[in-house]
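Subject: Structure handover

Hello,

Here is the structure I said I would pass on. Please open it beside this email and follow along.

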Amino acid sequence: MGKTVAIVGAGISGLAATRCCLEEGLEPTCFERGNDVGGLWNFSDRVEEGRASIYPSVFTNSSKEMMCFPDLPHPDDHPNFMHNTKMHEYLRTFAQKNDLLRYIRFETLVCSIKKCPSFLVTGQWEVVVKKDGKQELTTFDAVMICSGHHVYPNLPKDSFPGLDQFQGHCLHSREYKGPEAFKEKRVLVIGLGNSASDIAIELSRVAAQVIVSTRTGSWILSRVGENGYPWDMVYVTRFASFLRRVLPSFVSDWLHVKQMNTRLKHENYGLMPLNGTLGKEPLFNDELPSCILCGTLSIKPSVKKFTETSAMFEDGTVFEDVDFVIFATGYETSYPFVDESIIKGRNNEVTLFKGVFPPLMEKPTFALIGFVQSLGSAIITADMQARWVAKVFANSCSLPTTKEMMDDIDENMEKNLKWFGQSQSLQTDYITYMDEVSSFIGAKPNIPWLFLTDPQLALEVYFGPCTPYQFRLMGPGKWDGARNAILTQWDRVLKPTRTRVVSEIHRPRHLYNLLKMLLFPLLLLTVLLTFY
């Protein structure tokens, strides 16, 4: 019999973990407190404690070719950016196709996860769960936490003097389920992330007035990228990632700001980030600039203080007669069923090797899946982490030494401070991270070898979008359909948009785009040689 593995949560990460455990001959048991798979994408019209919550109008920010499991492309006719119901349908299909449902215990709450008394020898865990009011303790050989980090709201009420005197209604964005209660009301949204902008725009159609307050600002990207293609299909490429790494910082920073400002001058809309060169995740919204232009909502700086009925901003202006304050202020990293010291191993900081393994643990039998965030899709990141973890649990892959892992964590904290402005950031560079983790299990695409043996595929892999199929091209877990999926990915992108055929299909021209991207460095080099 294989090792037993307890998996917490049956969302994207939990489904990936369950499948990968089965691939490695492990025996997974997945505990899900809800009544269906999908996690965040399993919409409920009620806010349930301990579960992620979304509003009915949520769409994906990653396109379908980027947001899929690497061996299960979305159907051709699915839209590129999907409503939450379509995403939930896809996750159900994945679970059924891989026969995962029989390994999932629904409506079961994980109460606690603790090391066994014999942990130093066995590495085992005692897992206490509750179903139908009855508790049950089971011993597992390993644990994978897959419950995400969009569960416990961050409500920084202490940061707003006078809020305790405010007589209007306050709520967190996770409680928002639709615009009906806000008709003809005056609403203040605090925060400028994806949820904040979605909610503010939806409310601007029914509310009397909507103001968005932001402390740091944000870059705004449209889902519609260059030449009308999905943004991530033209932006998230290996070649672009290579340029960002090798160009001098002043050049890459200039290119980054220029790219972000292609659609609109952010400073003219009050949206400009405080430090625009940082690689923080942008906000994806197609309507926000239009709403600002039309006056249906406006952007303000931080709230300085509240009174009983109003909010005063840092610039001295006042929003009077406020009915609702919606805090779109993110979430806290919390796993109340696990001893906090396991995850925060040093100086009360999150200390995880590659955002997955606690490096100070005596036995490598505990892992977090889906904890890091990147500009790529959550699905492929979670899938790759789960493949790696399952191999470690199955003893077919080993971790570096504790010192090597701690050194890597310190190095990444320095990079995070430079790239994202926070050493504790959950963000990471998508392609760099995926290549690192895939190299641990021998699944990293060998680009030079592809150029030698399959130039057509190599061009698409290197200059085209870094889609999930790339990570099932070779090595353990290779999928025979990966090559064809990559070479036909643009057909699936264009199929749902070409409902009125007026000409031949136009696909991106990688060599043309390469020359275009090289034009600026060549011009810069010419200027330097001319004057120096």
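How many nonpolar, polar and charged residues does the lining of the second largest cavity have by class? The lining has five nonpolar, three polar and four charged residues, where Ala, Val, Leu, Ile, Met, Phe, Trp, Tyr, Cys and Pro count as nonpolar, Asp, Glu, Lys and Arg as charged, and the others, Gly among them, as polar.

Before the rest, some notes on the source. This is a predicted model, in which local features need pLDDT of at least 70 and side-chain atom pairs count only at pLDDT 80 or more, while totals for chains, interfaces and linings use all residues. Residues are numbered from 1 along each chain as its sequence is written, and side-chain values use heavy atoms, with hydrogens and water left out.

Cavities

A cavity is a set of points, on a 1 Å grid over the protein atoms alone, where a 1.4 Å probe fits but cannot get out; lining residues have an atom within 4 Å of a point. Grid points are joined across faces, edges and corners, and the volume is the space filled by probe spheres set on the points. Searching the whole structure gives two cavities of 30 Å³ or more. The second largest cavity has a volume of about 60 Å³. Its lining includes Leu 40, Phe 43, Arg 46, Glu 48 and Lys 177.

Salt bridges

Two of those lining residues also pair with each other: Glu 48 forms a salt bridge with Arg 46, with the closest N and O atoms 3.7 Å apart. A salt bridge is a side-chain nitrogen of Lys or Arg within 4 Å of a carboxyl oxygen of Asp or Glu. Side chains of opposite charge can pair when their charged atoms come close. For accessibility, buried means under 20% relative accessible area, exposed over 50%, and partly exposed in between (1.4 Å probe, protein chains only). Glu 48 is partly exposed at 21%, and Arg 46 is exposed at 53%.

By this rule the structure has 21 salt bridges. Another of them joins Glu 65 to Arg 492, with the closest N and O atoms 2.9 Å apart. The two residues are 427 apart in the chain, Glu 65 in the loop between β2 (27-31) and α2 (84-97) and Arg 492 in helix α16 (residues 489-494). Helices (H or I, at least four residues) and strands (E, at least two) are DSSP runs, numbered from the N terminus. Glu 65 and Arg 492 are both buried.

Asp 435 forms a salt bridge with Arg 238, where the closest N and O atoms are 2.8 Å apart. Asp 435 is in helix α12 (residues 430-440) and Arg 238 in helix α6 (residues 238-246), so this pair ties together parts 197 residues apart in sequence. Both Asp 435 and Arg 238 are buried. There is also a network, in which salt bridges that share partners join Arg 19, Glu 23, Asp 71, Asp 383 and Arg 472.

The loop between β2 and α2 also holds Phe 69, which is buried at 0% relative accessibility.

Strands

Two strands pair if DSSP finds at least two bridges between them. Strand β4 (residues 109-115) and strand β5 (residues 125-131) pair in the antiparallel sense over six bridges, and Ile 113 stands opposite Val 127 in β5. Strand β5 is also joined to strand β6 (residues 134-140), antiparallel, by seven bridges. Here Val 128 stands opposite Leu 137 in β6. The hairpin of β5 and β6 has two residues between the strands, and Asp 132 takes a positive phi near 55° there.

An open sheet of three strands has the order β15-β16-β17, with antiparallel pairing. β15 (303-306) and β17 (318-319) are at the edges with a single partner strand each, so one side of each has no neighbour in the sheet. Strand β16 (residues 311-313) is joined to β17 by two bridges, and Met 312 has Val 318 as its bridge partner in β17.

Cysteines

How many disulfides are there? With a disulfide taken as a pair of cysteine sulfur atoms within 2.5 Å, the count is zero. For Cys 291, the nearest cysteine sulfur is that of Cys 294, 6.8 Å away. The sulfur of Cys 397 is 13 Å from the closest cysteine sulfur, in Cys 20, which is too far for a bond. Cys 291 is buried at 10% relative accessibility, and Cys 397 is buried at 14%.

Regards

Conventions. On a 1 Å grid over the protein atoms alone, a cavity is a set of points where a 1.4 Å probe fits but cannot get out, and a pocket is an open set with protein on both sides within 12 Å along at least five of seven lines; lining residues have an atom within 4 Å of a point.
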